[in-house]
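Please look over the sequence and the model shown here before reading on. The report then takes up the strands and the aromatic rings in turn.

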Amino acid sequence: MSESWYYADAANQQKGPVPVDVLRYLHGRGEVNAATLVWRAGLAGWEPLAKHAAALGIGAAPASAGTGCPHPPARPRASRL
């Protein structure tokens, strides 16, 4: 029997239950990452996915949608002489 997991989405709303393979899929799409909070029966509380990644067969976390390429630096203003 597959374990059921819950996770908090980007808006911090509880999602699930989902099986491990769905967590892997969401991780591959960048919808969950190492900092995503997860919970399953037997845990005392919500924990970061990173704490369970190895046991779940999830490798290094992909960059989240909000932490992709940084914005280019602001264009300097022309000085007034």
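What follows is a short report on strand pairing and on aromatic contact.

## Basis of the report

This is a predicted model, in which local features need pLDDT of at least 70 and side-chain atom pairs count only at pLDDT 80 or more, while totals for chains, interfaces and linings use all residues. Residues are numbered from 1 along each chain as its sequence is written, and side-chain values use heavy atoms, with hydrogens and water left out.

## Strands and their pairing

Strands are DSSP runs (E, at least two residues) numbered from the N terminus, and two of them pair if DSSP finds at least two bridges between them. Strand E1, residues 4-8, pairs with strand E2, residues 14-19, in the antiparallel sense over four bridges, and Ala8 stands opposite Gln14 in E2. E1 and E2 form a hairpin with five residues between them, and in this turn Asn12 has a positive phi of about 65°.

E1 is also joined by two bridges to strand E3, residues 37-39, and these two run antiparallel; here Tyr6 has Trp39 in E3 as its bridge partner.

## The aromatic pair

Rings of Phe, Tyr and Trp (its six-membered ring) pair if their centres lie within 6.5 Å, with planes under 30 degrees apart counted as stacked, over 60 as edge-to-face and the rest as tilted. A search of the whole structure finds one aromatic pair. The ring centres of Tyr6 and Trp39 are 5.7 Å apart and their planes stand at 50°, so the pair is tilted. Because Tyr6 lies in strand E1 and Trp39 in strand E3, the pair ties together parts that are 33 residues apart in sequence.

Trp39 is partly exposed, with a relative accessible area of 27%.

Key
Buried means under 20% relative accessible area, exposed over 50%, partly exposed in between (1.4 Å probe, protein chains only).
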